[in-house]
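Me: I am new to this structure and would like to go through it step by step. Could you show it first?

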Amino acid sequence: MKNSTEKWIKTTCAYCGVGCGIEAKANKQGTLDIRGDAEHPANFGKLCTKGLALGETVGHEGRLLSPSVYGKSCDWSHALDFVAKQFNQIIKEHGRHAVAFYVSGQLLTEDYYVANKLMKGFIGSSNIDTNSRLCMSSSVAGHKRAFGADIVPGCYEDIEQAELVILTGSNLAWCHPVLFQRLKAAKAKHNTKVVVIDPRKTASCDIADLHLPLNSGSDVALFNGLLAYLNTHDQLNQAYINNHTEGLDLALAMAEEFSSIENIEVETGLSAEQIVAFYQLFAEHDKTVTIYSQGINQSTSGTNKVNSIINCHLATGRIGLPGSTPFSVTGQPNAMGGREVGGLANMLASHMDFGHPAHHELISQFWQTETLAKEPGRKAMDMFEATEQGEIKAVWVMATNPAVSLPDNQRINRILNQCPLVVVSDCMADNDTLRHAHVKLPAQGWSEKSGTVTNSERRISRQRRLLPTPGEGKPDWWIISEVAKRMGFVEAFQYQHEADIFQEYCQLTTLGNSGANSRLLNLSGLGQLTTEQYHQLKPQQWPVKTLDQPSPRLLSDGQFATPSGKAQFIACPFRPAINQPSRSYPLLLNTGRFRDHWHTMTRTGLSPRLSEHTSEPTVTISLEDASKSQLNCGDIAQLHNQQGQAYFRVNIGQNVKKGNLFTAFHWSDNNTNMGKVTALISPDTDPISGQPEFKHTPVAISPFWQQSEAQLVVDSAIDSKQLNRLAGSFWTKQTINRGLLYRITSALTPSQLGEQLQSLIKHIASSQLISINHSEQHRFAHLANGKVTAAMVVADNLNGQDTEYLFTILNRPLADGLVQSLFTGKTDPGSATGRLVCVCKNVGEKAIRQAIEQQRLTSAEQVTHCTQAGSGCGNCLVEIQDLVEQSATVQSKT
Ligand SMILES: Nc1nc2c(c(=O)[nH]1)N[C@H]1C(S)=C(S)[C@@H](COP(=O)(O)OP(=O)(O)OC[C@H]3O[C@@H](n4cnc5c(=O)[nH]c(N)nc54)[C@H](O)[C@@H]3O)O[C@H]1N2
Ligand SMILES: Nc1nc2c(c(=O)[nH]1)N[C@H]1C(S)=C(S)[C@@H](COP(=O)(O)OP(=O)(O)OC[C@H]3O[C@@H](n4cnc5c(=O)[nH]c(N)nc54)[C@H](O)[C@@H]3O)O[C@H]1N2
Ligand code: SF4
Ligand SMILES: [Mo]
């Protein structure tokens, strides 16, 4: 036992900005055993479903294994020379602003640092922007306006110390699950009040004392109203305001409009009782943490939303104190690291700024360069627009999938298609962006990389190498440095090891960083680490003046990075979103995330367990709107507007308001032909931050008039181009154990659809075909060597029909009881699990329902006790509670 525990290696989760510590150990299957790191201060041993399933996503399947140029595999030296030569050529002919990097919060700090150094320091352009533009840029802009620098003063323990936690535009339960568990535990201990401000009733509302389902986009009205309320109710902290802030009068004058509760009611759609209840809670609790995320940032008024929140914290002096702070939580594992090293087009490295000659000088000297960019570059959407205009002729995309995740997706795909040079570094072989790449560069994946990431509370943690790299994958920093050297910048990119880069970055943070001009981002305590110390580095919150010393709280002394040293109130005008519902597009589409998938699913899509929770692109709609549009639960609906169209499975739910729809953006060309929601999103952005509006899109909805529907399981993937040729059909793909499940809804007749699908899988299973024709369903199975390699059911409509057996029959012999389901069309009751609810303990909906009914269980705790469901990460407890409540409702009706 002792031997095996010695092999656990400490690292950091690949996914969200909570930055949980993980311990991982290679196992015999070539994957990883994973457990939470009990010593890591972000999670103290806890992990969520995605973190726990990391072992399932580290196989070599689907990996990009070698570099290629124009579709031809080649060695590294050829690919790197090619990129360097092309970049130099384009710069020579069209100038340094004709090239661009589009990077990501999923790069490590070392990768990010080198990319920024190459573009801003040596190519001499600021055309490097990051997917954090879509994610954090409104918060960055808000922090800079209020505090003078991009400082997040919050720490996770604040959530535990607070008396009141406000979650606004954050579905913490699904998107930062371990923080949600910490909040839930704190509430159980000392009854923390929780307010959720979100147009949707999310899983986070499970622990809310108050849910404010405000109108989408109306946050500024609500928070301006709060500022006015605090003023008129004598709740301002005058001493703090006088000593540490400027600009309250203007902010109050702007908020004046919302000193009338009626005006707030009109804009937010909330009742006076709801509004006043929230304001009273805020006024009564000094220890208030306001957590905000994409419902705030991803808006054409995102920056004003952020500042309207910060204004209320400044007005009450609640900044950077234990249990009392505004807290923008980051999304990606290294969103914060990217902000530190200057990944955004409008920032220099280490919180130094454009338009600041002393900073230009410091960086130029440190990097020994004469070509440092001195002006901000193009923000993500502008960057792609400039590419459309032909001003940018080469784009290098690293660790992001803009062909799916940027708004106005069809246009982005057209732009990438016509761009003269597209270079993509990715660890996977296929995503929508790679399909446009002229040069593909294989990067190491999470389990192979080594470096550092910074989480939401500014804690730097090591990501450590766990497994050998398949094929020729390389660290991103190595790829960028090699191109840099080949472009002629030999001296500046001579890194031998990621530790060298980290050390250089830490030293950069200390430059000119003392006295009156000091910056809070200071890593002087890490600047002299030996490679060995870097290997051993423990999670460390910044600033780090001395290694292993606790980091001081930030902004708690009321000193800010503004010229006067005082925080700035910002007068935030309330402006409704640019695009409003109309007669043609009467519904408002809100987009975000599902519990178990990560972004464009290049990795979580590989896990059968994670794929089960929400297995298809679904759109949630209110009962009223569904009936108006003649939609039933389980139907396929088409959403469309000026931008484009997409299809979704209908989910009728109480959790969206009338007039609103919700879906996630996880599906791509890789796993559907028509389920990409960004096809519908307009390119409008916040005028200050440049962040797109992902949460407020007017659309129309209509039923997809289907004639047939099929479900097909196969043991290997079908070429998606062939599936796309099925006329009038919508398909999605889901990873299941031992294979893939395709769902196809079609305007073809059932027999046409059946025949065409048969021809698609002929090559897989030529040996033996079983065909069962039933009046309503046609069922087929292909066998090779007596085992099922593909099976299918086709009907007019499969809505509500039992097809669960399809999940289990692949690779089983014909004699197997499970395969017999094919003949009966009914799942063997003994083997049925229903939809997987508890991913950790593998407990399905049916088992939970059965336990509730048979044992008359009345609480989620009892269900956990009897079935183990919910005893792992706890993410599913909200759903278990829902099942308990549903059962209680059914029983009370009968
Ligand atoms: N499971 C999972 N977790 C993730 C990710 C993932 O892909 N999957 N991605 C990570 C990343 S990169 C990010 S950025 C974070 C995002 O984390 P979150 O921001 O928590 O997630 P979202 O679902 O995008 O949006 C949050 C909520 O904003 C609400 N909202 C919409 N419009 C408004 C509005 O006008 N006002 C208010 N107050 N609320 C509104 C939405 O209904 C939604 O519930 O999640 C991270 N964690
Ligand atoms: N409709 C809608 N759209 C949205 C949002 C929304 O709420 N609604 N949210 C936005 C937000 S907040 C975000 S953060 C973005 C996320 O959107 P993206 O960044 O486009 O999404 P990912 O799927 O995470 O793409 C990461 C890519 O990097 C690859 N990769 C992973 N690790 C590495 C690595 O170490 N090196 C390299 N080179 N590649 C790697 C993965 O295989 C994958 O292809 O989406 C945005 N788009
Ligand atoms: S909360 Fe989940 S996804 Fe986020 S870092 Fe922790 S384990 Fe990973
Ligand atoms: Mo994000």
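Me: Where does Pro543 lie?

Reply: Pro543 lies in the loop between strand 19 (540-541) and strand 20 (567-568). Strands (E, at least two residues) and helices (H or I, at least four) are DSSP runs, numbered from the N terminus. The peptide bond from Trp542 to Pro543 is cis, with omega near 0°.

Me: What should I know about the model and its numbering?

Reply: The model is predicted: local features need pLDDT of at least 70, side-chain atom pairs count only at pLDDT 80 or more, and totals for chains, interfaces and linings use all residues. Residues are numbered from 1 along each chain as its sequence is written, chains are lettered from A and ligands numbered from 1 in the order in which they are written, and side-chain values use heavy atoms, with hydrogens and water left out.

Me: Thank you. Into which domains is the protein divided?

Reply: There are domain 1 (4-57), domain 2 (68-135 + 334-443), domain 3 (138-328), domain 4 (587-693), domain 5 (708-831) and domain 6 (844-893). The bounds come from an automatic or database domain assignment. Between the centres of domain 3 and domain 5, taken over C-alpha atoms, there are 50 Å.

Me: Now the ligands. Which residues are closest to ligand 2?

Reply: The closest are Asn131, Asn401, Ser405, Asp426 and Thr600, out of 32 residues that surround ligand 2. A residue is counted here if one of its heavy atoms lies within 4 Å of the molecule.

Me: Which domains does the shell around ligand 2 draw on?

Reply: Domain 2 and domain 4 each give at least three residues to that shell. Strand 15 (421-426) and strand 21 (587-592) each supply at least two.

Me: And what are the polar contacts of ligand 2?

Reply: A polar contact is a pair of N or O atoms within 3.5 Å; within protein, one must be able to donate a hydrogen and the other to accept it, and residues adjacent in sequence count only if both atoms are side-chain atoms. Among those of ligand 2, one of its oxygen atoms lies 2.7 Å from a polar side-chain atom of Asn131. A nitrogen atom of ligand 2 is 2.9 Å from an N or O atom in the side chain of Thr591.

Me: Is ligand 2 buried or exposed?

Reply: Buried: taken alone ligand 2 exposes 930 Å², and the protein buries 99% of that. Such areas come from the Shrake-Rupley method with a 1.4 Å probe; for residues, only the protein chains shown count as cover.

Me: Let us move to ligand 1. Which residues come nearest to ligand 1?

Reply: Of the 35 residues around ligand 1, the nearest are Asp198, Gly217, Ser293, Arg593 and His597. The side chain of Asp198 has an N or O atom 2.6 Å from an oxygen atom of ligand 1. An oxygen atom of ligand 1 is also 3.0 Å from an N or O atom in the side chain of Lys695. Of the 910 Å² that ligand 1 exposes when taken alone, the protein buries 99%.

Me: Which domains contribute to the shell around ligand 1?

Reply: Domain 3 and domain 4 each contribute at least three residues. By class, the shell around ligand 1 has 9 nonpolar, 18 polar and 8 charged residues. Ala, Val, Leu, Ile, Met, Phe, Trp, Tyr, Cys and Pro count as nonpolar, Asp, Glu, Lys and Arg as charged, and the others, Gly among them, as polar.

Me: And ligand 3, what surrounds ligand 3?

Reply: The residues around ligand 3 include Cys13, Cys16, Cys20 and Cys48. Helix 2 (49-52) and helix 8 (177-190) are the elements that give two or more residues to this shell. It divides into 9 nonpolar, 2 polar and 1 charged residues.

Me: Lastly, where is Phe44?

Reply: Phe44 lies in the loop between strand 3 (32-36) and helix 2. Its phi is near 45°, a positive value in a residue other than glycine.
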